[in-house]
There are 2 protein chains.
Amino acid sequence: MTTWESLYARRASRMRASEIRELLKLLDQPDVINFAGGIPDQALFPAEAFKAAYQEILAGPDAGRALQYGMSEGSARLRNWIVNHMRRLGVECGPENILVTSGSQQGLDYIGKLFLTEGDTALVQWPTYLGALQAFNAYEPGYDRLDPGANRPAEDYAAIAREKGGRIKFAYLSPDFANPTGLTVDLAERQRLLALAGELSCAVIEDSPYEALRYDGEPLPPMLALDCEASGGINNARTLYCGSFSKSLSPGLRLGWICASADVISRLVLIKQASDLNSPVLNQEAMARVAENVFEAHTAKTNAVYKSRRDAMLAALERHMPAGVSWTRPEGGMFIWMTLPKGMDAATLLETSIETARVAFVPGRAFHPDGTGANTLRLSFSCNDYQKIEEGISRLGRLITETVTSKL
Amino acid sequence: MTTWESLYARRASRMRASEIRELLKLLDQPDVINFAGGIPDQALFPAEAFKAAYQEILAGPDAGRALQYGMSEGSARLRNWIVNHMRRLGVECGPENILVTSGSQQGLDYIGKLFLTEGDTALVQWPTYLGALQAFNAYEPGYDRLDPGANRPAEDYAAIAREKGGRIKFAYLSPDFANPTGLTVDLAERQRLLALAGELSCAVIEDSPYEALRYDGEPLPPMLALDCEASGGINNARTLYCGSFSKSLSPGLRLGWICASADVISRLVLIKQASDLNSPVLNQEAMARVAENVFEAHTAKTNAVYKSRRDAMLAALERHMPAGVSWTRPEGGMFIWMTLPKGMDAATLLETSIETARVAFVPGRAFHPDGTGANTLRLSFSCNDYQKIEEGISRLGRLITETVTSKL
């Protein structure tokens, strides 16, 4: 049986291993300072609250129900918490507008499945979340560049999509502290993006797993909230909002959600049924309790920690990076995006860095659908304390300085 | 925004609501005797063992790791238990041959995604598991009829697949106590099916969620075990085995697995990464502990209960069904498959049955990819005690007798 390749679907040629995932293996080497992973700090998870929640459920009269199959839409108690959370963000909605997903990653997979036929076009930022490209790639779209600050005229986008044999199905972006750039899309740009999507008659996918992790500045309304306001309500809105508990409470339960028009949710429910029936009821019941009990206090506490780490990394970058290197100053999230001098290659730098400086980060090329971005890289400040951040950025600064100098 | 239909992918036209899922809503009406759901009895779940496992994990030093992201392949401890379980079934394998999935349903979705391009053909039994058709439909295959007792020559299958514009990618079947028929594929038929797949150079998908639920007769080797023996080992085998904890321990944690050639598993891992990153680590750690501690004792206990319910239903059918009605006599699992006299429609019968007899079952047509099977239906004996089974089959027998008589 050596003919597997000939049996695989056409889409399989677009499935590749994630550089980030391969790098995660470095976490096991204690002398490497790891700025690569985009994960929350597990020392901060509310383990006590989860322990109490599982205990309460499994010792209670509804243990059997929590261990049983459940509704594909998600458990009522968790959907109710999400409805209230979305209302706090300015989105008037009901449980019929919520699908619970196994992390927001699964939301992206389902959205690709619902909208994309091969040859269709998805608009994405350059760079964009790598996991979104991986989720969408299975459905064989083309990509065109969304650029909140400087989009092209709608007809130009539409014409290029037609040339590829399909149409623009959605514009995907992560407007708050995006992975990988850390950048936030401002209010005027959100409005212009909605207007562009209106001209293109396409959906907007608002991926916002970092929404609760704001450290400075005023919160901006989600694009879904702006869309609801302009269109007369969520069931007229073109925006699908993907939320997640992974960055705020814990990624280990794999729980997120999609909030959108009831029509779209009812189609996504069918996809959920066919793909894994339902997310674990037990986890949904536990997450509902933990969210009810500690969400606000817990995110306040962890945000203070992440803020101090962001500040430490920004200060260290100022101290240790040579001229010609620039970086973003995010108001939240987990990432700082760095641009090296032109001609420098971040993938080559990583090899040297792991060998000599013992510092890991993610080279930026993989985040660019067109393979550009060789001189960019992503740094995560979420999992290292002040000492490690100072030490790691100092070592990386020295290495970059040496590399720049050797090229002069 | 009233143009959703025009934005959906081509595949969306093949996504329909599950009759079974709609019927599950009847579970809430206490006077309906429900033979419809294909679910295990939640009163039998080892809730104490799960409570102890979650407690141990969340109070221990690895709580943070259990609440963190994990490897897409699955947690080492659970994969090790699965490796040993597969060895007990006669399949020599290692962790590199195992992918943990969110239930075996997710395994089917991933298999469709890996193998099927639109126009390809999947061989399935008539009737077959409805959830498999729903999972595969997203990838737009055609179906042809697999018939373990009387398959057509390989060239005939291949020619029809070519006419549809693709090729046969796999033969899908559930050889042990299948949903919906309860039937088992015998050893000679397993061998012949493997030979046919060899002639077609296609994969075999062995879906075996009920494997541990055998009440009589000698266990048969999985097709994967026979395949390994004939081909010289799992990495040469063409069979992918889908297993599940849902029917043996609990469906609430949503955990199953695929056991196959390391080459195929490595591709499925990429699909898992892109679709939901990983199944919940916490649940995998809990399931590993519960499986280690109680799997054998627990399945022995629950099998005794399910056996008595199967026996009760078979005896009640003998007593209450009129001539012209036939049914299967399964050696395990949860289902009995009934064939009504020709011309009788099980969907119509269900409407009357819910209204007057207050008994629910699943009409058989949905399990047939070609829309035949109108006079068939599925009865599940898993969730009702002796009294309910006797009462429900008695009422249903009366209704069928009346219906048959009124047509004479």
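View 1. B:Arg254 sits in the loop that runs between β7 (239-244) and β8 (256-259) of chain B; strands here are DSSP runs of E with at least two residues, helices are runs of H or I with at least four, and both are numbered from the N terminus. This is a predicted model, in which local features need pLDDT of at least 70, side-chain atom pairs count only at pLDDT 80 or more, and totals for chains, interfaces and linings use all residues. Residues are numbered from 1 along each chain as its sequence is written, chains are lettered from A and ligands numbered from 1 in the order in which they are written, and side-chain values use heavy atoms, leaving out hydrogens and water. B:Arg254 isn't a glycine, yet its phi is positive, at about 50°. With 2% relative accessibility, B:Arg254 counts as buried (under 20% relative accessible area; exposed is over 50% and partly exposed in between, with a 1.4 Å probe and protein chains only).

**View 2. The arginine at position 254 of chain A.** Look in the loop between β7 (239-244) and β8 (256-259) of chain A and you'll find A:Arg254. Its phi is positive too, near 50°, and A:Arg254 is buried at a relative accessible area of 1%.

**View 3. Helices α3 and α12 of chain B.** Helix α3 (residues 47-59) packs on helix α12 (residues 281-320) at an angle of about 130°, with the axes 9 Å apart (axes are lines fitted to C-alpha atoms, for helices over the stretch in contact, and angles run from 0 to 180 degrees between N-to-C directions). That makes α3(B) oblique to α12(B): angles under 35 degrees count as roughly parallel, over 145 as roughly antiparallel, 65 to 115 as roughly perpendicular and the rest as oblique. Residues in contact (heavy atoms within 4.5 Å) include B:Phe50 and B:Tyr54 from α3(B), and B:Met287 and B:Val290 from α12(B).

**View 4. Helix α11 of chain A.** Helix α11 covers residues 262-276. Of its 15 residues, 12 are buried, so α11(A) is largely enclosed by the rest of the structure. A:Leu268 and A:Lys272 are among them. Just past the helix, A:Leu277 takes a positive phi of about 70°.

**View 5. Two cis peptide bonds.** In chain A, the bond from A:Trp126 to A:Pro127 is cis, with omega near 0°; A:Pro127 belongs to the loop between β3 (121-125) and α7. In chain B, B:Asn179 and B:Pro180 are joined by a cis bond with omega about 15°, and B:Pro180 lies in the loop between β5 (168-173) and α9 (187-200).

Methods: The expected span of a helix is 1.5 Å times one less than its number of residues.
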